[in-house]
Structures are given as C-alpha cells and as structure tokens.
Amino acid sequence: MSLNNLFNQKIKVINVGLEQFRDDLAEQGVECLQMQWSIPLYVDKKIENLLSLLDDEDE
Amino acid sequence: MKKTIVQKGVYYDSVKLMLVTRELKSLDGVEEVAVVMGTDLNKDTLVRTGLMTPEAEAASPTDMIVAVSCNTEETANYIFEHLDEMLNANVSGENKDAYKPKSVETAVKMQPGSNILAISIPGSYAKPVAMEGLRNGLHIMLFSDNVSLEEEKALKTYAQSKDLLVMGPDCGTAIINGVPLCFANTIRKGDIGIVAASGTGAQEVMTLIHKNGGGVTQVIGTGGRDLKEEIGGITMLQGLKALGEDEATKLIVVVSKPPAKAVADKVISFIRNEIRKPVVINFLGGDYSSQSDEQIRFVSTLEEAALAALERTGVVQPGYTLAEDHTQLVRQQAEKIRSTGKYVRGLYSGGTLGYEAVLALQDRLGGVNSNLTKEKTVTDCFHMDGNACVDLGDDQYTVGRAHPMIDSTLRAEVFKAELQNPETAVILLDLVLGYGASRTPEKDFVEELAKYRAQHPDEYVAVIVSVCGSKDDPQNYEEIISKLKELDVIIMPSNLRAVHLAADIIKALAPLS
C-alpha cells in the first residue's frame, strides 16, 4: 500500500509551532506530542551553507 | 502614556501573542496594546493604532515588541511585570512540567508509532525540521509558508523516495483517517477522497459534500505550489495513487488553482492510465470542459465539484442544485443600499474562496481589482478601487501575524473601513469554521456591524456571508448564523451563491446610481 500504509494506521502527531493545533487534536482525543522550538542562533552564512550541503548529502 | 519594551531574539507563536494581546486589552486603564513580533507588517499596525515608538521601530523581525498605551505608569509596569507569566500560561490544561522534546528524533522515541509531523514555525526555519521528520519516517503536514520553492522541491523529492507525503508548504487543510489536521472541518465519513492544492478549496468542497448528505475518506493537501512546473505535482500524484488504491474511496475530487499546463497534462494522463475510479477535477480558472469523458468530469467551480461528486456517488439526483431565484432579494437589497454605494468589496480569509469570487465577479461584472490575479491591482487592503476582492490570508498580510482565519483583527479593520466607505454597496465575507479556526469567527464582524447599523441606519450596506463549515464543527454554527441574521446579514449556502448574489445586486444598482 502506498504511503507506507498510512490509511490503515492510528494517527499520532508530533507538533512543532502553533500550540493551538496540539490543543485541537487533544480535544478530539488524538495523541499529539508538542515539541519545543526556538529561533536558531545566528550562524555565519558560509557555515550555514556548508551545514545545509551536509544536510542535502544525507538525502 | 505610551511605553514600549522589546525582547530580543524570543519566539512565541502568533496565536499566543494574539491571545495575550486580547487579554491585556481587557485590563482597566489600557487604551491600546500590542504584543507582536517586529515584522514590517506588525509595525504598520503599530503606526495605525498609534503605538509606534522609536524602540518599536528599531526592533527586528525576531524581536518581540510589547507596546502599551495606558492611563498610568503603574498600569504599564503591571503589564510588563506579568507578561512572562501570561506568555507562558498554560491554556490547554496540560501538565506544566510535561517535557517537550527539542528534536524530532527524541519526539519519535517519546511517542512511538508517530506518523505525522505538523510544522507551523516561521517558514524560513522549517526545512531542516521537515527534513528531520522525513529522515525519521514521518509524513509532513507543513502549514508554514515562506518556504522557498527550492526547499519545497528538495523536501518533496526526498519524501517521494521514502514513500512519504509532504503536505505543503502553506498547506492548511488535511483529514487523514478521519482526523482533521490544522484547518479542517468535522466531516461525515463517506466514500469521496479529495486531493487539493488549496486549503479553503478543500474546505469548501468537503463542507458542501457534508451539508448535502455525503462524506469523505481522506482529504490530502498538497500545498499551493505543488502543481507549478518546478515541483511537478509530486504530492498530487502521490495522493492520487494512494486514493486510487484505497478501497474505501469510490470517487476522487481534485481541487487546484490554475496549474502549469505541463503538470495538468501529467496529472490527467496519470489518472487516465493509473486510476480506475471516477474523478472530478476543478482546475479553478481553467477551461478543460472539452476534455471531460466518462471517467473524468471537469468542472469550473468548487460548488460544482462537490455536487458532481455527490451525484456520481449516488448521494444526490442528477440536476440537484443550490441555485434559487433571488430576483426579489436582489431588488429589495438594491432599494435599501445607500445612494452612494456602487461597488462590491470581497474580504476573504480563504485564498481559493477569494479567487473563485474574483472569477465569478469578473464573469458577471467585468473588471475586478484583487491581489489574487496576476496583475495584483490591490496592493493595500485599505485602498481598494472599484469592484474588488482581497485575500487577507496572502503572505503580504500574514508575515509575523496570525492568519485571518485565526485572528480576524485586520480583516475586521478593513470591514469597518469598507462599511464607512460611501462607495461600498456590498461586502462579501467568507466565514471559515472548523478546527484551527477561531472559535468565534463572527465576533469582530458582529461588533463592527452592530455599531455601524446603530450609528448609520440610513446608510445601508449589504453584507453577504457564506459559512464554510459543518454543524459538527467546534464552533456554534447555529448561534453564528443567528447573530449574523439579527444584523440583516444574508447567509448563502456556498461561496458561489454568495458571489452571484453580490454581483446581481451591483448590476441592479447600476441604473439607480
């Protein structure tokens, strides 16, 4: 089945960002884990580009 | 007195900031207050509300501005002293000490069996988080906008290689296995599957299906740019394949704003060769009707898409329609409207609903100004000319502030301005219900309209609303309708019906003005 059989699974969500989305899922009895996120520290643009190349290599 | 503090490099989501702002506004002695991130759009709001100060002006988009206008220094100090407490207040009743993981890897260990990562952080930071989700085997619901096309391509290409979905970016709506994600309605389970490159397009179709007796299996959002040539319909094709294989789905509806021709052809070819079910396609703004055949029916509007799906699955009879003779209503409204009123102003929170409105208005009235067309003849929602439609959910109006379906502050300000604009005869509004949306979406409009009707009884403006929602949504559907009707708001059964009525009233006004 496509999409790793998603349509036959119980939906469990990890939420990062607006907590309202987590609250809405909780209201419906859907398991949802809220992540903590904050704006990343500024890094030098050159280093940021290098890091994102590493990221792309993993794919 | 005015006082401002700026907290540098903090992040709170825009909904939280909006809720805190509202709480502070209700305090005694507070004249005006804003707790916002320091984006240009929010700074414009500070200027408009008289809260701009040199400190606020100097803030960057990653700084939080707390700007207060109040009666005494003590009131201002009270606010600043209690601000952290309010920002970190637990509104959902969850365990305050519950650990929130900082990485997707940890989150997946904490919640085994997780299958969807929902992301709604600022878009310029979203890609690495989404990529981490994909590496951990999660499908992605990418609500964030302001993600670049290159990033979207990279995410979707990688996702495809792992048979995972990236729904987005700028994807507001999905229902997977009956679970509404982000902005989505409570819809009866049925046998119609939807794949949509449009959030409110999907919501309009699914709520019309529900209101007229049908139901859905899955609603897969692809994000608004999925059918651009650069992306090539990756998520659309994945969604079609999955719904094609899904036994519960008997018919598929495809909804999109105008796709790139090559991608439209690719999607149609895929359906003809790989899908063995009937399909209804609404490529809004395109004319594909000559390509309709026994399998694929091309329709021009969201309403048609819903009704065609209901008809082809046997829920309604052929010829079933939402159209009614509104000649009397048009005449009655035209006679009541203020003598200076000439134009219709559509104030939309849903991009696709707004776009459908532009197309239908152009069809009936000719030129319509909008930020939804290529020409983008509306660049400032407070300065519109002629017949006009503005999408207030557009990126221009949502950087650093909550979407108008969550926070109607900006849209209500525009509504107020249009009520007071002598040239405005008719105002069109979409009211979108469901999860993710404000629980009281009508509140600000009801307040403004009640004031206006009371203060200007001889300056009638017609207000026409279509409610995109189901009675099973968390909002109180009946109460909302009732409050609007008390103020002579005309409620129509679909966006298309609302727009047709508005256009016919404007046409009826022409000989009278």
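Buried means under 20% relative accessible area, exposed means over 50%, and partly exposed lies in between (1.4 Å probe, protein chains only). The views below show a predicted model, in which local features need pLDDT of at least 70, side-chain atom pairs count only at pLDDT 80 or more, and totals for chains, interfaces and linings use all residues. Residues are numbered from 1 along each chain as its sequence is written, chains are lettered from A and ligands numbered from 1 in the order in which they are written, and side-chain values use heavy atoms, with hydrogens and water left out.

**View 1. Salt bridge between B:Asp430 and B:Arg411.** The closest N and O atoms of the two side chains are 2.8 Å apart; a salt bridge is a side-chain nitrogen of Lys or Arg within 4 Å of a carboxyl oxygen of Asp or Glu. B:Asp430 belongs to strand 17 (residues 424-432) of chain B and B:Arg411 to helix 15 (residues 409-420) of chain B, 19 residues apart. Helices (H or I, at least four residues) and strands (E, at least two) are DSSP runs, numbered from the N terminus. B:Asp430 is buried at 0% relative accessible area, and B:Arg411 is buried at 3%.

**View 2. Salt bridge between B:Glu152 and B:Arg225.** Here the closest N and O atoms are 2.9 Å apart. B:Glu152 sits in helix 7 (residues 149-161) of chain B and B:Arg225 in the loop between strand 10 (216-221) and helix 9 (234-245) of chain B, so the contact ties together parts 73 residues apart in sequence. B:Glu152 is buried, with 1% relative accessibility, whereas B:Arg225 is partly exposed at 25%.

**View 3. Salt bridge between B:Lys336 and B:Asp488.** The N to O distance is 4.0 Å. B:Lys336 lies in helix 12 (residues 327-336) of chain B, and B:Asp488 lies in the loop between helix 17 (477-486) and strand 19 (490-492) of chain B, 152 residues apart. B:Lys336 is partly exposed at 38% relative accessibility, and B:Asp488 is partly exposed at 40%.

View 4. Strand 1 (residues 12-16) of chain A pairs with strand 4 (residues 116-119) of chain B over four bridges, and A:Val16 has B:Ile119 as its bridge partner.

How values were computed
Two strands pair if DSSP finds at least two bridges between them.
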